[in-house]
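User: I am new to this structure and would like a close look at one part. Please take the charged side chains and the aromatic rings around them, and walk me through the contacts.

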Amino acid sequence: MSRFPQALTIFATFFGLAQSADNGLWPMQKFKSSSIQAPYMNVTKMGPTEPGFLFLTPHDIIRQTGYPAIYSDDGQLVWQGPSGNYSALQPQVLNGEPVMAYWSGYVSLGFGFGGISIVNSSYDEIHRVTLDCEAENFVTIYDPMKFASCIDIHESEITDNGTILVTAVNVTQADLSSIGGPKDGWIQDALVYEIDIKTNEILFRWSAYEHIDQVPLSDVRAPLKGSGGTKADPYGYPHLNSIAKYGDSYLVSSRFMCSLFFIASNGSVTWQLHGLTGGDFELGLGTTFCQQHDARFQFQSDERVTISLHNNDNADFTGHTALTTGMVLDVELQGSKRVTLKSRMWDAAEPVYAESQGSYQPLGNGHVLQAHGGTPKIEEYDENGAVVMRARFGYDNTMHTYRTYRYPWVGRPATKPNAVACLDGRNGKPVVYASWNGATDVEHWKVYSGTVVKQTAVRNGFETAILVDGLTSSDSVVVEAVGGVGDGMRSESAKVGQC
């Protein structure tokens, strides 16, 4: 029951990323020793960056391909997973071990139906978190079509307690007359779940519509545009896109309501920070935001919280073009209840006006990594707010990723290295190509013909081309990794052929 081709096009259209032949195709890396094809990552550095690899889910709209991927920040591919629909890739820690969590499944008009894969450093899936659609009484726009799991595309945050936070969308009947819609209308009710990773047990559930007195329709900034009249075309209320847990409460971001909600364990809304009106707070100079993503606490006390977010402030319905920025806000919870701008950052030389998606990640030494989702550009800033790295992996309107993170990672692939040996048709010289998808710390490659080491070469990116004199078409070779956790691992034997 594959819907990938149709769903990918719908996904792109929703996020304002319509296909554009005028932009052409972004060039792809191709390799001799692997069938993998990956977009080039064009990196420019203006200063020292923090250590770690870049984790993202590039989605090529024109080619209609997507995959989870890791890059080094010199632009080299490190690992690429299988093709499909992916979102919310996030490197994290589970039970003291580094893991990656990412969503995969079926995408629709800004939401999806799927599950969360949690993979270890060998890229093996160790958990698959799902949400039973029937048990939770989900209705979808594709009803009566059924889905095995109804987790949405937007979140995959692992907690310290071995649980994971996810979103879901349930099509629900609702009275839309207060905003000019039908009394017997339909909405995309947004839900928050906390699920035990090992058992799939639901530990917390929250529905926006069930708390509509505190999460009112009147705060939604997205116009109806004729939606909400049928189950197949529900109104986008309220479009949640990030969740984080602090103590027993949850910080939830609603894109279409331009709001952050702090929700208690009993489901009540403790406070609302509305990016345009303030909500329960008074907005100070420069603190307005809207259509935001990836909201997180950077500091929390009873008196004050510090919140970082990626401020898009653009959508296909806003009627204006606003600069996309990263923001850090101080919010006084008591007394003045004033919101103060702590920092705001953007790349003045190459500004971005993103309509969708995006992330803001504080790094060490005051650095920040910012990605712009619908605009395929990544930036790192230093402690003074200066851009020290720009990376681009696609043309505008042809490529996107939901978020990007920088994280230390030691890949321990369960597979063997790959080797291809051939005689270059142009000059007849023998070349051995060596690669190992997901390996992060190979230092050198040794090339064996029989028991003899024919050549040793420094690893050079995802694939290393090694000139080896004296090989003929009757010879076979094996490559061996030198250094790192895979030291001594050898490829299968490869017979010398023609390039």
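Analyst: K337 lies over the face of F281, 5.9 Å from the ring centre. Keep in mind that this is a predicted model.

The next residues along bring a second kind of contact. R338 and E282 meet through their side chains in a salt bridge, at 2.7 Å from N to O. R338 belongs to strand β25 (residues 338–345) and E282 to strand β21 (residues 282–283), so this pair ties together parts that are 56 residues apart in sequence. How open are the two partners? R338 is partly exposed, at 33% relative accessibility. E282 is also partly exposed, at 43%.

Now widen the view to the other salt bridges. The structure holds 22 of them. One of them joins E194 to K245, with the closest N and O atoms 2.9 Å apart. E194 sits in strand β15 (residues 185–196) and K245 in strand β17 (residues 240–246), so the pair ties together parts that are 51 residues apart in sequence. Is each partner buried or exposed? E194 has 3% relative accessibility; buried means under 20%, so E194 counts as buried. K245 has a relative accessible area of 24% and is partly exposed.

E210 and R205 form another salt bridge, their closest N and O atoms being 3.0 Å apart. R205 is partly exposed, with a relative accessible area of 37%. Salt bridges also link E155, E157, D294, R296 and R403 in a network.

Back to charges over rings. The charged end of R490 sits over the ring of Y448, 4.0 Å from its centre.

A search of the whole structure finds 18 aromatic pairs. Among them, F111 and F113 are edge-to-face, with 5.7 Å between centres and 90° between planes. Both F111 and F113 are buried.

Which rings gather in a cluster? Ring pairs link F55, W79, Y123, Y407 and W409. Y407 is in strand β31 (residues 404–407), where Y405 and Y407 point one way and T404 and R406 the other. These four residues are buried, the charged R406 included. Strand β31 runs antiparallel to strand β4 (residues 53–56), and 4 bridges join the two. Across that pairing, L54 stands opposite R406.

To recap the part you asked about: F281 has K337 over its face, and E282 is in a salt bridge with R338.

Methods: Residues are numbered from 1 along each chain as its sequence is written. This is a predicted model: local features need pLDDT of at least 70, side-chain atom pairs count only at pLDDT 80 or more; totals for chains, interfaces and linings use all residues. Side-chain values use heavy atoms; hydrogens and water are left out. Rings of Phe, Tyr and Trp (its six-membered ring) pair if their centres lie within 6.5 Å; planes under 30 degrees apart count as stacked, over 60 as edge-to-face and the rest as tilted. Buried means under 20% relative accessible area, exposed over 50%, partly exposed in between (1.4 Å probe, protein chains only). A charge sits over a ring if NZ of Lys or CZ of Arg is within 6 Å of the ring centre and within 35 degrees of the ring normal. Two strands pair if DSSP finds at least two bridges between them. A salt bridge is a side-chain nitrogen of Lys or Arg within 4 Å of a carboxyl oxygen of Asp or Glu.
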